[in-house]
Amino acid sequence: MSRLPKIGLLLLALIYVGTSASIAQQPGTSQYKCMIQMTNYMGEKAYVVVSLINSKGAYEKTLYVLGSDKKWYPDVKEWHKALGRKKPNISAITGASVAGGDRSVTVLEIDNAKINKEYKLRFESAVEDKPYYVKDLEIPLTTEALSAKNEGTGYIRYVRFSPTTSN
Amino acid sequence: MTISVWRYSHLALAVSSFLLLTLASVTGIILAFEPVSQKLQPYRADNVGQLTLAQTLPVLKKGYEELTELSVDANQFVQLRGTDANGKNLTAYVDPRTGSILGTPTPQSEFFQWVTALHRSLFLHEAGRFFVGLTAFLLLLITVSGTMLIIQRQRGVKRFFTRIVRDNFAQYYHVVLGRLSLIPIIVIALSGTYLSLARFNLVGEATIVSPTIDLDALQSKPERKPADFAVFQNTRLVDVQSIEFPFSDDVEDYYTLKLKDRELTINQLTGEILSEKPYPTAVLLTSLSLDLHTGRGSLIWALILAVASGNILFFIYSGFAITWKRLANRAKNKYTATESRFIILVGSENGSTFRFAQLVHQHLLKQGKKAYLTDLNNYGVFPEAEHLLVLTATYGLGEAPTNARRFAALVEKYPQPQSVRYSVVGFGSHAYPDFCQFAFDVNQLLAKQAWAAPLVDIHTVNDRSPEEFSLWADAWSQQANLPIPISADLLQAPKRRFDKLTVTGNTRTALPDGTFLIRMRGSRRRNVASGDWLAIYPANDHRERLYSIGVLENELQLSVRLHPGGLGSGFLHELTPGEAIRARIVSNASFHFPKKAPVVIMIANGTGIAPFLGMISQNRQQTPCHLYCGFRQRTSLAMYGDFLEESRAAKKLTNLHIAYSREGDKQYVSDLLIRDADFITNVLMMNGVVMICGSLAMQKDVLDILDSLCQNKLGNAVSYYQAHGQLLMDCY
């Protein structure tokens with residue numbers, strides 16, 4: 001293959017990305033409204049991290065962080081360890097921590113190509129001076145799981161998804 | 001004993017908590033500015049007071065793709081969470097009337113996060129929270145014990161806010177600021193304690209448990225629009241804490257409406273209330289405590305909290321300054337009680353009397369005398385004692401200071417085996433009615449003991465006056481034949497700013513009682529009012545003499561009696577017009593003419609008339625003034641006669657009553673008061689003011705009469721009127 005079509009393709013792709021930035025949805029991704037309902041536990045507000053886990057069980061991408069004070073991020077141990085030194089800018093996908101009995105609704109952006117491909121969604125939770133749950137909830141990233149109600153094992157009572165109506 | 005219990009607990013609590021208290025106060029001051037900075041943000045929509053949910057929700061729903069949550073914070077900023085037209089997460093402050101975006105919430109700044117964590121938990125998690133909570137509780141106890149100390153110091157709850165006698169900077173402001181910031185500090189301590197208790201789940205059910213909804217019983221008919229829901233029509237936006245919108249259109253998803261006092265769930269199709277649950281009291285109290293403790297939602301309260309926290313820091317400083325001083329005054333003895341010839345016994349509540357006792361002690365030691373200094377409570381048998389010196393203050397209503405409470409009992413129990421010469425010096429302040437009462441009691445008690453013989457009569461020292469103390473020291477030295485040159489130590493001339501005054505007139509005197517008037521004018525304009533004092537320095541040294549000022553025609557007029565050999569009076573008598581002197585005007589605001597009084601009664605004897613002359617001369621608003629004055633003979637009045645007649649004609653003086661003590665009926669001014677008893681009680685009843693100026697002897701008589709009048713006819717002690725600024729005194 002000559003180089004020219006490659007460059008042309010790249011240009012096309014760049015233009016596409018550039019224009020689609022105005023509607024702000026990456027090509028090939030879907031948005032899911034996600035509700036995290038907490039149990040009535042006693043204690044401080046919980047920090048919850050939603051991550052995409054690949055088939056090898058490794059962290060691939062941080063989808064959402066509930067909790068804005070970086071001081072407490074080390075409490076979400078495994079995620080914090082996997083993040084390592086390279087701290088990606090997560091300010092766009094950060095919301096407030098959530099208290100016992102409360103719920104939090106947020107929109108997750110998920111790559112269509114990863115659905116039904118042995119990827120997993122992990123909900124990891126930590127509360128100050130209380131047990132930490134690596135897998136408070138972990139579900140296979142399948143169309144089926146994304147339309148069901150999934151029960152948590154720690155501070156999360158359940159998580160529900162619904163595809164957003166836009167686009 | 002109670003005083004010392006409160007004082008020791010106040011100190012012990014302060015010592016045990018001051019480090020954490022300092023930290024909490026400093027961080028608290030910083031944190032007070034967080035609500036202040038929030039308040040200044042322009043995210044508050046106006047006129048939302050009457051807006052109901054039925055009005056605002058349709059507007060908001062129209063403007064956004066989807067709403068998940070709406071919340072109204074303490075600043076009444078309305079925050080919306082949901083998704084925008086692109087399906088992106090959206091969090092924004094909105095105007096609830098139009099739905100337009102006012103701004104984006106920023107997360108709490110890292111600095112405030114850091115300070116908040118330090119304030120709450122010292123970065124020590126649970127353990128830190130416990131210690132901070134304990135500190136809040138200790139602060140509460142400190143406030144309570146401090147309040148008890150003020151009540152005792154002021155002699156009663158009713159006098160809580162009356163004037164405080166100024167001992168020194170730290171002590172004075174410790175008490176003054178303590179009274180002012182009492183309420184905010186109690187609020188801080190109480191709310192802080194409560195928040196900690198709530199944090200450790202010690203106040204009952206403190207969390208809100210979500211209700212369980214019977215999903216099978218949910219109705220989906222009749223369907224209504226949210227604007228038609230009765231509950232939305234009846235709920236104002238300002239009463240809302242948050243609204244959680246239904247997650248999907250399914251009937252099993254519902255609205256959760258969190259109001260200030262209860263939580264409701266609402267069927268999203270029919271508007272039916274599915275559950276209604278009032279918050280537990282503990283939750284409401286927690287919310288109230290947070291409001292009060294953080295000042296969120298109120299700019300003014302937040303600033304008050306900042307000032308109160310600053311005061312706590314000052315209390316820590318001044319409290320330790322007071323304690324340090326008190327400890328430094330503790331006696332260190334070189335000789336034992338059993339071998340000493342001179343026994344110095346001290347009764348002191350706050351330690352200031354100890355300083356005088358130590359001076360005497362040191363002088364005796366310096367001369368090789370065996371002297372022993374101790375508390376009155378440590379009285380016992382002193383086998384070698386020749387001299388007993390008692391220096392004591394008075395506390396409360398003429399009671400013994402804490403370290404002298406047991407003295408009377410001990411004297412009865414331990415008579416001295418040999419004869420001992422004694423001398424008593426009382427320390428006190430004329431600002432209190434029971435001046436040196438306890439010293440008089442001690443003197444009386446010793447006089448009754450067979451082994452005790454007085455060396456010099458009892459002396460009193462007003463407001464720690466060095467002059468009065470050296471008077472005693474001189475008298476004692478001469479009798480004991482032992483020089484104790486106290487004066488040199490105490491009477492160092494203070495560095496002060498002086499005023500230059502030019503004499504404009506001097507009547508001199510040819511009168512038998514030697515009274516004369518002298519007038520002066522200041523070189524520059526100064527705020528001086530009748531009733532202030534003029535301090536003069538006749539010998540240009542430490543010796544100061546005070547005279548009451550009457551301001552007439554913009555000049556200072558003093559009324560002076562010439563004492564044979566008198567330092568001040570002799571100096572003033574020799575001044576001629578045109579001569580300039582160095583003097584100081586001392587403000588005496590507690591003896592100024594009352595601004596708002598229906599009637600003023602002025603009581604004077606002799607030269608005590610001086611300030612009243614000025615006040616009458618300046619009585620342009622013609623407040624009814626009744627002057628009662630006592631003189632020795634008719635001629636004494638002569639120099640005031642014309643002025644008083646003119647004033648009466650000008651309605652500046654309503655009535656004049658004069659008593660002559662050496663002529664005619666030989667009356668005293670107190671006799672006139674007995675005659676006009678009904679009039680005087682009426683004046684006090686209608687909030688009139690009585691002012692007394694003159695000799696202490698006259699003051700004592702007048703106070704006795706007033707006290708019995710007040711007790712019998714008005715049912716109050718005379719101190720009640722003193723406390724209410726209805727009885728003003730300046731006597732010497």
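In this predicted model, B:T623 counts as buried, because 21 C-beta neighbours lie inside 10 Å. The cut-off for a buried residue is 20 or more such neighbours. B:T623 sits in a loop of chain B. That loop runs between helix 16 (610-617) and strand 23 (625-631). Leaving aside neighbours within four places in sequence, B:T623 is in contact with B:A597 and B:V600. A further pairing involves B:K652, which is 29 residues from B:T623 in sequence. In space, the C-alpha atoms of B:T623 and B:K652 are 7.1 Å apart.

Elsewhere in chain B, two helices cross. Helix 4 spans residues 125-153 of chain B, and helix 5 spans residues 169-180 of chain B. Their axes come within 11 Å and cross at roughly 115°. Helix 4 of chain B is therefore roughly perpendicular to helix 5 of chain B. The crossing of these two helices is left-handed. Helix 4 of chain B brings B:G146, B:I150 and B:R153 to the meeting point. Helix 5 of chain B brings B:V175, B:G178 and B:R179. The residues of this contact divide into 2 nonpolar, 2 polar and 2 charged.

The UniProt record, an unreviewed entry, places the feature "transmembrane region" at residues 130-151, 172-195 and 299-324 of chain B. In the model, residues 130-151 of chain B are 100% helix and 0% strand. The end C-alpha atoms of that span lie 32 Å apart. Residues 299-324 of chain B are likewise 100% helix and 0% strand. Here the end C-alpha atoms lie 38 Å apart.

Chain A has 2 helices and 9 strands. Along the sequence, these elements of chain A follow the pattern α-β-β-β-α-β-β-β-β-β-β. Chain A holds 167 residues, of which 30% count as buried. Contacts in chain A were also sorted by sequence separation. Among those between residues at least 6 apart, 67% join residues at least 24 apart.

The two chains also touch each other. The contact takes 23 residues from chain A and 21 residues from chain B. On the side of chain A that touches chain B, the elements giving two or more residues are strand 1 (29-38), strand 5 (103-111) and strand 9 (156-163) of chain A. Strand 5 of chain A gives the most to this side, with 4 residues. The residues on this side of chain A divide into 6 nonpolar, 11 polar and 6 charged.

How values were computed: Residues are numbered from 1 along each chain as its sequence is written. Chains are lettered from A and ligands numbered from 1 in the order in which they are written. This is a predicted model: local features need pLDDT of at least 70, side-chain atom pairs count only at pLDDT 80 or more; totals for chains, interfaces and linings use all residues. A residue is buried if 20 or more other C-beta atoms lie within 10 Å of its own, exposed if 12 or fewer, and partly exposed in between; C-beta atoms are placed from the backbone. Two residues are in contact if their C-beta atoms, placed from the backbone, lie within 7 Å. Ala, Val, Leu, Ile, Met, Phe, Trp, Tyr, Cys and Pro count as nonpolar, Asp, Glu, Lys and Arg as charged, and the others, Gly among them, as polar. UniProt positions are given in the numbering used here, feature names are shortened, and annotations may be inferred rather than shown by experiment. Axes are lines fitted to C-alpha atoms, for helices over the stretch in contact, and angles run from 0 to 180 degrees between N-to-C directions. Angles under 35 degrees count as roughly parallel, over 145 as roughly antiparallel, 65 to 115 as roughly perpendicular and the rest as oblique. A crossing is left-handed if the near helix is turned anticlockwise from the far one by less than a right angle, and right-handed if clockwise.
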